[in-house]
Amino acid sequence: MSERLITKKIKDIKGFNATDIDFLIPILKADGSKIGELKPVNKKLIKEVEIVNSLTKWREKFTRYFLTQFQPTIQRTVNWLNNVVVASDNKVLFLIYNENNKLIGHIGLSNISVDSVEIDNLVRGEVGGDKDLIFFSEIALIDWVFYQLNVPLIVLNVFSNNFLAINLHKEVGFSIYKEKELWKYTTGNDVFFSTNKGVGIIAKFKYIGMKLSKNNKENK
Amino acid sequence: MKKINDVEKIIIDLLIELNEELEGNQLDSPTKDTKLYGGDGVLDSMALVSFIMDLEEKISDEFDEDIVLADEKALSQRTSPFRNVKSLTIYIQKLLEE
């Protein structure tokens, strides 16, 4: 798929084309039974207060695993959803729903190009649904990237101390291909981490790069 | 000894809270033998992350001590502290004693 077609597809599923406003990816177990759905945050969903509240609450709870760590607010979440998530042509945030249509968490794609995409923003904010819901959410998203977007490589980055997420990604099929030092910077009450060495202090954990190619997946 | 019982109670109470949110009955009557993670444990990786964060907060409230449960230290243990309630209780107890 060309860059132009990928961009169009991403814009379509985010509601820029009214016919795709209800786009979703079914989450299927290995036996084919449906255990949930992935819905992209689009122009319609962005207006739902419950979604914004949940995302804000989860951003606060799981902040230690994000590169940027700040005090989230409803307004900050709304701005991020409007100006970054929906506005960017190379980024999508999928909400994870269980089979009873309960919002459970989210998983995102960023840096979408014809060569590769990056998985980010994986959070299980609520309990409920199938025990393997998040595992199969990631599988569903990977299949969509490989077989609908036709992008052959998926990468992701995770803190080395987040070994439970690393375990999950390994179970899905990812392997570690790089490890970088991280530097911690503080500005007022906000903290951010970067792989660029500057005036920050070295972090106690590293930045782990993982990848999964379409070929590797098919050969397993 | 009091502390270890208190820690176990915090974990079990949190599992009971979790069960109320679950739509099934996986955690109907948690005990020290309730399996948490791995094999037929009730939590997947990301649910365990969430559970651990809630648990750290409760431990901090109860004992006025901040501990980090999910880090490389936990990973380096010969057997995972997150297997069941008992192993997690012992691990937390150790961290509180350090």
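Chain B contains 4 helices and 0 strands. From the N terminus on, its elements run α-α-α-α. The model is predicted. Its scores are ipTM 0.79 and pTM 0.90.

Confidence was examined next for chain B. The mean pLDDT of this chain is 86. A value of 70 or more is reached by 94% of its residues. Among the elements of chain B, helix H4 (residues 85-97) has the highest mean pLDDT, 93. Helix H3 (residues 72-75) of chain B has the lowest, 76. Where pLDDT is low, predicted coordinates should not be read in detail.

The overall dimensions of chain B were then considered. Along its principal axes, the C-alpha trace of chain B spans about 40 × 25 × 20 Å. The radius of gyration of chain B is 13 Å. A compact globule of 98 residues would have a value near 13 Å, so chain B agrees with that expectation. Of the 98 residues of chain B, 33% count as buried.

Chains A and B touch each other. The contact takes 17 residues from chain A and 16 residues from chain B. On the chain A side, helix H4 (133-147) and helix H5 (163-172) each supply at least two residues. The largest share of that side comes from H5(A), with 5 residues. By class, the side of chain A that touches chain B has 7 nonpolar residues. It also has 5 polar and 5 charged residues.

Two residues other than glycine have a positive phi and are described here. In chain A, phi of Asn101(A) is near 65°. Asn101(A) lies in the loop between strand S4 (92-98) and strand S5 (103-110) of chain A. It has 9 other C-beta atoms within 10 Å. Exposure requires 12 or fewer such atoms, so Asn101(A) is exposed.

In chain B, phi of Asp64(B) is near 55°. Asp64(B) is found in the loop between helix H2 (45-63) and H3 of chain B. Asp64(B) counts as exposed because it has 7 C-beta neighbours inside 10 Å. H3, at one end of this loop, is the element of chain B with the lowest mean pLDDT.

Notes: Residues numbered from 1 in each chain as written. Chains lettered and ligands numbered in written order. Predicted model: local features only at pLDDT ≥ 70, side-chain atom pairs only at ≥ 80, totals over all residues. Rg over C-alpha atoms; globule rule 2.2 N^0.38 Å. Buried ≥ 20, exposed ≤ 12 C-beta atoms within 10 Å, placed from the backbone. Contact = placed C-beta atoms within 7 Å. Nonpolar A, V, L, I, M, F, W, Y, C, P; charged D, E, K, R; others polar. pLDDT = per-residue confidence, 0-100.
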